[in-house]
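Hi,

Here is the structure we talked about. Please have it open while you read my notes below.

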Amino acid sequence: MEKKTNTKALTGIFAFCLGSMPSNMTLGLIAYIMQSYSTVSTTTVAMIMTMPSLVAMIYAFFVGSLNTKISAKNLLIFGQICLVIYAAIFCFLGGKAHIYVLLVGAALAGFGQGSNNTLLGVLLLDAVPDDQKRKNILGIAISAMSLGGVFFTTVGGFLAVNHWQHAYYLWFIIVLFIVLEFVCLPNRKPEGSKQPAADTQASEPAGKLPVMVWIIAIHYLFWFMFMYVYGLNVSEYVITLYQLGTSAESGIAASLVTVGGVVAGMLFGTYSKFLKKWTVPFAMGLTAIGLYLPLVMTTNILGIYICGLCGGFSMSAANPYIISHLAEIVPANLYSKAMSIYSGFMNVGMFIAIYVIAFLTKLVCGDAGDVHYKFVVGCAGALICTILSIPIYVVKGKKTA
């Protein structure tokens with residue numbers, strides 16, 4: 001019997017993708033927000049950017065278990081309602097209410113950030129039964145997330161010229177997305193793939209995740225942490241360390257991560273057919289190459305630009321492959337838990353990156369703040385993760401097959 005794609009559900013899924021990443025807009029407005037709270041410590045105001053990651057890190061580990069009791073549709077809508085509340089707080093209370101009110105509002109974004117990957121994987125598993133077609137659509141969906149983030153960041157920047165609070169009016173478009181999700185998404189838990197479980201699952205007791213899920217999640221944590229060196233240090237690299245430009249060039253370098261991600265997502269169905277089990281090692285190797293370029297092209301801003309493109313491409317190449325791979329190695333009833341573990345470890349990597357990279361950099365050169373050696377650490381770490389990905393995805397994959 002032919003496996004049919006639920007096109008109505010896909011409409012709701014893509015509505016969710018387009019409205020899932022508006023909080024990146026706040027990064028470009030943080031200087032304005034600091035001006036409105038000039039009597040408050042800049043460190044405290046900057047917590048507006050870290051609160052979502054903190055909440056996401058915790059929530060990501062629970063959303064898979066919640067999905068056994070609450071439908072993915074309701075969890076998804078809950079996350080987007082949190083974004084609307086975030087927007088209302090910043091729009092109507094920004095500059096008036098205490099800074100801690102804004103911190104609470106920013107924390108609400110963590111409920112979406114911590115569940116996006118898990119819920120996207122779960123919903124697509126149900127809406128697109130065919131494995132190859134689902135992989136192709138997954139890449140496009142991740143591109144849609146990136147494009148939505150670019151839309152909010154770019155248009156929001158124009159709206160914030162006179163009053164930064166006005167940028168958050170844009171977020172009320174999410175209300176329209178919520179209506180589409182409510183109408184189009186099925187209110188049921190995913191039935192999962194109809195394929196027989198892999199042989200490696202046969203010995204696993206019901207309700208217990210395969211060990212490979214934990215290995216993949218921990219491995220991804222370290223790779224994401226090393227890759228995050230770019231995002232944490234690109235501004236200082238361009239403006240301060242090598243004086244390659246101003247905030248304009250730094251902003252371009254940061255935005256190229258999104259460009260690389262969009263390209264990788266749109267073309268995922270093409271190159272993943274060719275690379276197959278080498279998709280993740282290829283993506284991680286590309287990260288190592290990207291982080292190496294700023295070390296040898298220190299007088300040319302092109303090196304850091306290419307690094308950003310490589311990083312964005314790597315994320316959007318590895319992520320859909322791993323999401324699909326997890327669907328192959330775990331039973332359908334445990335898929336949401338597996339995705340929850342994977343997303344949780346990814347958020348942990350993002351949260352601890354600044355501390356671990358500083359520690360490792362100090363071990364290498366004696367100065368935890370040396371940006372050049374932070375890229376050295378990131379490059380070396382990404383290379384090690386690339387080598388370790390071969391037994392995880394290639395050798396293990398062949399044995400399973």
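The bend at a residue is the angle between two axes, one fitted to the seven residues ending there and one to the seven starting there. On that basis helix 15 (residues 335–365) has a kink of about 55°, centred on isoleucine 352. Bear in mind that this is a predicted model. Just after helix 15, glycine 366 takes a positive phi of about 90°.

Next, helix 8. It covers residues 131–159 and reaches 42 Å from first C-alpha to last, close to the 42 Å expected. At its start, a side-chain oxygen of aspartate 130 comes to within 2.9 Å of the backbone nitrogen of lysine 133.

The structure holds two salt bridges. Arginine 134 pairs with aspartate 131 at 2.7 Å, N to O. Both sit in helix 8, three residues apart, about one turn of the helix.

Lysine 135 pairs with glutamate 328 at 3.5 Å, N to O. This pair links distant parts of the chain: helix 8 holds lysine 135, helix 14 holds glutamate 328, and 193 residues separate them. Lysine 135 has a relative accessible area of 17%, so it counts as buried. Glutamate 328 is at 33%, so it is partly exposed.

Last, the surface. Ile140, Val259, Val263, Met266, Leu267 and Leu309 form a nonpolar patch, with about 470 Å² of accessible area together. Helix 12 (residues 247–275) gives the most, with four residues. Leucine 309 belongs to helix 14 (residues 302–329). Its relative accessible area is 33%, so leucine 309 is partly exposed.

Best wishes

Key. Residues numbered from 1 in each chain as written. Predicted model: local features only at pLDDT ≥ 70, side-chain atom pairs only at ≥ 80, totals over all residues. Heavy atoms only, no water. Helix = DSSP H or I, 4+ residues; strand = E, 2+ residues; numbered from the N terminus. Expected span 1.5 Å × (residues − 1). Polar contact = N/O pair within 3.5 Å; in protein donor to acceptor, adjacent residues only side chain to side chain. Patch = residues over 30% accessible without salt bridge, like charges linked within 9 Å, V, L, I, M, F, W, Y side chains within 5 Å. Areas by Shrake-Rupley, 256 points an atom, 1.4 Å probe, with all protein chains shown as cover. Salt bridge = Lys/Arg side-chain N within 4 Å of Asp/Glu carboxyl O. Buried < 20%, exposed > 50% of the residue type's maximum accessible area, 1.4 Å probe, protein only.
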